[in-house]
Amino acid sequence: MKAVSIKEPGGPEVLEWVEAEDPSPGPGEVVVDVVASALNRADVMQRQGLYPLPPGTSPYPGLEVSGRIGALGEGVTGWQVGDEVCALLTGGGYAQKVAVPAGQLLTVPEGVGLVEAAGLPEVTATVWSNIVMTAGLKAGETLLVHGGVGGVGTMAIQIAKALGARVVTTVGGPGRAARARELGADEAIDHRTDDFAKHGPYDVILDVIGGDYLERNVRSLAADGRLVVIGLQKGLEGSLNLAEIVFKRVSVHGTTLRTRSKEQKAEIVAEVQKNVWPLIENGSVRLVVDRTVSMADAAEGHRLMEAGGHVGKILLLNDESASGESASDGSASDGSASGGSASGEAAEHRHG
Ligand SMILES: NC(=O)c1ccc[n+]([C@@H]2O[C@H](COP(=O)([O-])OP(=O)(O)OC[C@H]3O[C@@H](n4cnc5c(N)ncnc54)[C@H](OP(=O)(O)O)[C@@H]3O)[C@@H](O)[C@H]2O)c1
């Protein structure tokens with residue numbers, strides 16, 4: 001097979017499309033013949049040498065794929081060779097084949113193309129595990145989601161609305177605010193010109209930013225509020241006013257999906273299949289795809305993600321996959337042309 005190798009820590013140019021050894025399925029695993037994968041910020045950090053990998057992780061980046069099952073390991077039941085699937089991975093998705101524990105497989109939701117399905121596992125598992133399984137968001141509560149038009153944010157807005165929550169989000173610019181409202185956000189705050197803390201209180205906050213957002217996040221939580229920090233784009237340190245925590249009885253959580261055990265991942269994946277897939281199949285939630293690039297040119301995808309301005313997910317198509325899926329499959333959900341972009345927002349973001 002071929003895979004995207006990280007030659008050495010560095011910029012996007014260190015990503016190389018190379019010959020690699022085919023994986024074989026261990027007990028309880030399947031090998032997926034990959035049709036597409038998708039980018040996550042963690043891939044960029046891994047490429048830069050800034051992401052400590054859990055022991056035993058594939059050296060190739062990639063936290064999610066879609067494709068067809070090519071081989072079954074010992075003891076796998078309920079799946080057949082040829083089944084169309086998508087999967088949550090600990091690594092190894094930027095490749096033509098990947099071995100994955102069967103508990104991390106999901107069906108392809110009805111109405112979703114096989115390429116597009118590559119972008120579902122990481123955002124749906126992240127959002128469901130954090131806002132529901134960790135923070136216990138309920139109908140009628142208010143959720144603040146930072147980065148509402150990023151990969152995680154676009155999914156968080158829609159799932160929270162489907163659960164009956166009120167959703168407030170932060171975005172970088174008026175065009176991006178309009179996109180967030182189209183996705184269902186009740187309020188979209190421009191973080192470049194406004195302070196989200198003035199618009200609280202919030203029952204639950206999903207924070208992909210970290211750093212000095214900690215103090216304002218905690219300050220703007222309602223009594224019995226829950227903050228879940230999952231991203232550290234603004235840094236590793238922030239200040240915490242313990243009086244706010246004690247007197248408002250709030251809780252502060254931090255989580256990562258990748259470092260969870262395979263049993264925990266399987267539990268989350270099963271909850272996602274049970275609770276989120278019906279929302280996708282009934283049309284209340286859809287994957288927002290910014291664009292699809294060739295897996296062999298993963299470097300271009302990384303450049304786009306680092307430049308910012310994308311809306312939703314960037315997909316990576318294995319254009320050497322035997323089945324000949326086309327990139328247009330990957331853009332169906334968002335209505336934006338594959339290989340195109342959310343160009344208005346991108347321009348606003350970069351120059352605004
Ligand atoms: N812990 C976990 O399990 C887990 C899982 C998935 C993702 N993550 C983390 O979550 C973060 C988001 O991932 P992603 O895939 O959604 O990335 P993404 O698509 O690149 O989105 C990042 C978003 O952050 C927003 N942003 C940047 N600076 C901001 C600020 N100062 N205030 C508010 N928003 C700001 C950007 O919005 P604007 O351009 O509109 O400003 C952008 O939409 C990453 O840090 C990732 O590592 C963690």
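How far apart do the end C-alpha atoms of residues 10-316 lie, and how much of the span is helix and strand? The gap is 20 Å, and the span comes out at 28% helix and 26% strand; helices (H or I, at least four residues) and strands (E, at least two) are DSSP runs, numbered from the N terminus. UniProt, in an unreviewed entry, puts "domain: Enoyl reductase (ER)" on residues 10-316, though such annotations may be inferred rather than shown by experiment.

This is a predicted model, where local features need pLDDT of at least 70, side-chain atom pairs count only at pLDDT 80 or more, and totals for chains, interfaces and linings use all residues. Residues are numbered from 1 along each chain as its sequence is written, and side-chain values use heavy atoms, leaving out hydrogens and water.

Now to the largest pocket, with a volume of about 1,300 Å³ (an open set of points on a 1 Å grid, with protein on both sides within 12 Å along at least five of seven lines; lining residues have an atom within 4 Å of a point). Its lining counts 49 residues, and Arg-41, Val-208, Gly-231, Leu-232 and Gln-233 sit closest to the centre. Elements giving two or more residues to this lining include helix H1 (41-47), helix H3 (151-162) and strand S9 (166-171). H2 gives the most, four residues.

As for the surface, Leu-240, Leu-242, Val-246, Phe-247 and Val-252 make a nonpolar patch of about 510 Å² (residues with over 30% relative accessible area and no salt bridge, nonpolar side chains joined within 5 Å). Helix H6 (residues 242-248) supplies the largest share, three residues. Phe-247 belongs to H6 and is exposed (over 50%, 1.4 Å probe, protein chains only), at 67% relative accessible area.

Note on methods. Patches are made of residues with over 30% relative accessible area and no salt bridge: like charges are joined within 9 Å, nonpolar side chains (Val, Leu, Ile, Met, Phe, Trp, Tyr) within 5 Å. Accessible areas come from the Shrake-Rupley method with a 1.4 Å probe; for residues, only the protein chains shown count as cover. A salt bridge is a side-chain nitrogen of Lys or Arg within 4 Å of a carboxyl oxygen of Asp or Glu. Buried means under 20% relative accessible area, exposed over 50%, partly exposed in between (1.4 Å probe, protein chains only). On a 1 Å grid over the protein atoms alone, a cavity is a set of points where a 1.4 Å probe fits but cannot get out, and a pocket is an open set with protein on both sides within 12 Å along at least five of seven lines; lining residues have an atom within 4 Å of a point. Grid points are joined across faces, edges and corners, and a volume is the space filled by probe spheres set on the points.
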